[in-house]
Structures are given as structure tokens and as C-alpha cells.
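Here is a short report on one protein chain.

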Amino acid sequence: MTQKSTQRVWIFCFLFAAFLIPYFLTSWWRYIPTTFLIFFSIHYLWPKEANAFLGWKGGVTLWVPAFFLFATTLVFSRVLITSIAGHHGWVLQPTSDLLRPLFPFFQTLNEELVFRALLLNTLLARRYPKQWASLATAAIFVLAHVVLYPLSQGGPLSVMAIATLFFLALSGNELFLWTGSIALPWAIHAGWNLSQYGWGKWVGGAGVPVIEATSFNVFVGDTRTCLAAIILASLAFAANRYRKRTKKEIIT
């Protein structure tokens, strides 16, 4: 192994630790240092290809639709989550921390950078077929949640929550393969997480706070959420296939 390769291994080990640590902390800013570390490290290792490797590209024609997709996801998820919570007798206890809504943006950005961009791009660079790379990335994304939730969020994930996560990961992968950017996957991811975590904490009928693992299983594991994830994955897959067919027709 060359000196440069050894350096890269150590940097990735450091980034892996920096990525995991915030999940065991509680401050609103806990994910921000990792975001800067990821950007700095990748620009240091691959200065010319860094933005492409991070999926940080796309002009107004991509980021403006991403903003509207974020707004749509935010409204849809807010209505759905409120309905699910009401069915369980939960109410949202608003936060007094005005900066709390910021943490879902950086948390989801870190996950998009690590799973959607770095991991998927690495598999593609090693000549793995796109669909196999997408499936593998989705599986690793789900596995990370399955391992982290019992350790940091108070309990294991349900089967339905795991299934929903897998379809959401597939939809994000397809959107990334379609555009080469994390803009659209990040918009959906951030919109949902902001609705679920950003405005406060959920409490039960007796005023007892609901632990995050329980709320995750209830909201993400709901049948309606899973169905929405399947529809989203199907639409993203169809859009990606349509782009490939159109591109092929233009070339021929």
C-alpha cells in the first residue's frame, strides 16, 4: 500500500468516527462539524473531482426544483405524521430552541454525502453495475440504522420501518443516478426529518416523552408511509429509465 493510499485509509477511518459520534449527542449543532470535515477531506483527497464525487453539483435548473420538492415533502410528511400521531394519542411539544430545526438539515446532508454520494460513487467507480450498486448502498443504509438505533435511540427498528427505509433509500439512489446530484434525495430526506424531529418532541397522553426509536417505528413503519416510499421509488426508477431511453434515442 502506497503512502497516499494509507493516508486515505486513515482519513476515511477518521470520517467514519466523526460521522457516528453525533448520533450519541444531543446538541442542535452536533452534525455540523462532520459536514465540514467531509467537504474538507474530499476536497483534499480529490481536489478536481471533489464536487462530482460528493454529488454537490447542479445549477438553478436542479436546485430550484429541489427546493419545491423539499417544500412538498415537508407539507405531505407534516400532514401524515400529525395524522399518525393523533391516532396514537401523541402531541407535539414545541421546542423553545429556535436553532433546533437546523439539525435535520445537517444530519440528512451528512447521510446523503456518505451513503448517496461517497459510497454509491465508490461502487460505481469500481465498475459495479448501477442497479447492484444501488441495492448494496440501500442495504448498507438500512443496516446502519438497524445497528445505530438500539445503541443511540433507545430501541430496535420494526420490520415495517426497515422496509420503508429500504424503499426510501432506493428512491434516493435512483434520483442520484438520474441527476448525479444529492439535491433531490436531500430535499426529500430533509423534508421528512424536519417534520419528524425539527419542531419539538412527541409526548404521550400522560405527557411522557416518546423515545425516538418508538416514534421512528410508528411514523416510518406506518403502512401509509411504506406505501408512499414504494410509490416514490417506482417513480424515481421510471424517471431514470425514461432518461436513459431518451438519451439512447438522441444518440441513435
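Predicted model: local features only at pLDDT ≥ 70, side-chain atom pairs only at ≥ 80, totals over all residues.

## Overall size and basis

Residues are numbered from 1 along each chain as its sequence is written, and side-chain values use heavy atoms, with hydrogens and water left out.

## Fold and packing

The chain holds ten helices and two strands. Helices (H or I, at least four residues) and strands (E, at least two) are DSSP runs, numbered from the N terminus. Read from the N terminus, the order is α-α-α-α-β-α-α-α-α-β-α-α.

Of the 252 residues, 44% count as buried. Buried means under 20% relative accessible area, exposed means over 50%, and partly exposed is in between (1.4 Å probe, protein chains only). The chain exposes about 13400 Å², and carbon and sulfur atoms supply 72% of that area. Accessible areas come from the Shrake-Rupley method with a 1.4 Å probe; for residues, only the protein chains shown count as cover.

Contact means heavy atoms within 4.5 Å. Take the contacts with a separation of 6 or more: residues 24 or more positions apart account for 79% of them.

## The second largest pocket

Rolling a probe the size of a water molecule over the atoms shows where empty space is left. The search runs on a 1 Å grid over the protein atoms alone. A cavity is a set of points where a 1.4 Å probe fits but cannot get out; a pocket is an open set with protein on both sides within 12 Å along at least five of seven lines. Lining residues have an atom within 4 Å of a point. Grid points are joined across faces, edges and corners, and a volume is the space filled by probe spheres set on the points.

The second largest pocket holds about 510 Å³ of space. Its lining has 19 residues, with Phe16, Phe19, Val114, Phe115 and Leu119 nearest the centre. Helix 1 (3–20), helix 5 (103–125) and helix 6 (130–152) are the elements that each give two or more residues to this lining. What is the lining by class? It has 18 nonpolar residues, one polar and no charged. Here Ala, Val, Leu, Ile, Met, Phe, Trp, Tyr, Cys and Pro count as nonpolar, Asp, Glu, Lys and Arg as charged, and the others, Gly among them, as polar.

Is Glu174 buried or exposed? Glu174 lies in helix 7 and is buried, because its relative accessible area is 4%. Setting aside neighbours within four places in sequence, Glu174 contacts Gln131, Ser134, Ala236, Phe237, Asn240 and Arg241. Ala238 belongs to helix 10 (residues 223–251). Ala238 is partly exposed, at 42% relative accessibility. Ala238 and Glu174 are 64 residues apart in sequence, yet their C-alpha atoms are 9.0 Å apart.

Trp90 sits in the loop between helix 4 (60–87) and strand 1 (91–94). Trp90 counts as buried, at 12% relative accessibility. Beyond neighbours within four places in sequence, its contacts include Ala85, Trp202, Val203, Gly204 and Phe219.

## Exposed sites

Pro94 is in strand 1 and is exposed, with a relative accessible area of 63%. Outside four places in sequence, Pro94 contacts Trp199 and Gly200.

Pro156 lies between helix 6 and helix 7 (159–179), with a relative accessible area of 56%. Leaving aside neighbours within four places in sequence, Pro156 contacts Pro150 and Asn217. Arg127 lies in the loop between helix 5 and helix 6 and has a relative accessible area of 76%. Arg127 is not a glycine, although its phi is positive, about 70°.
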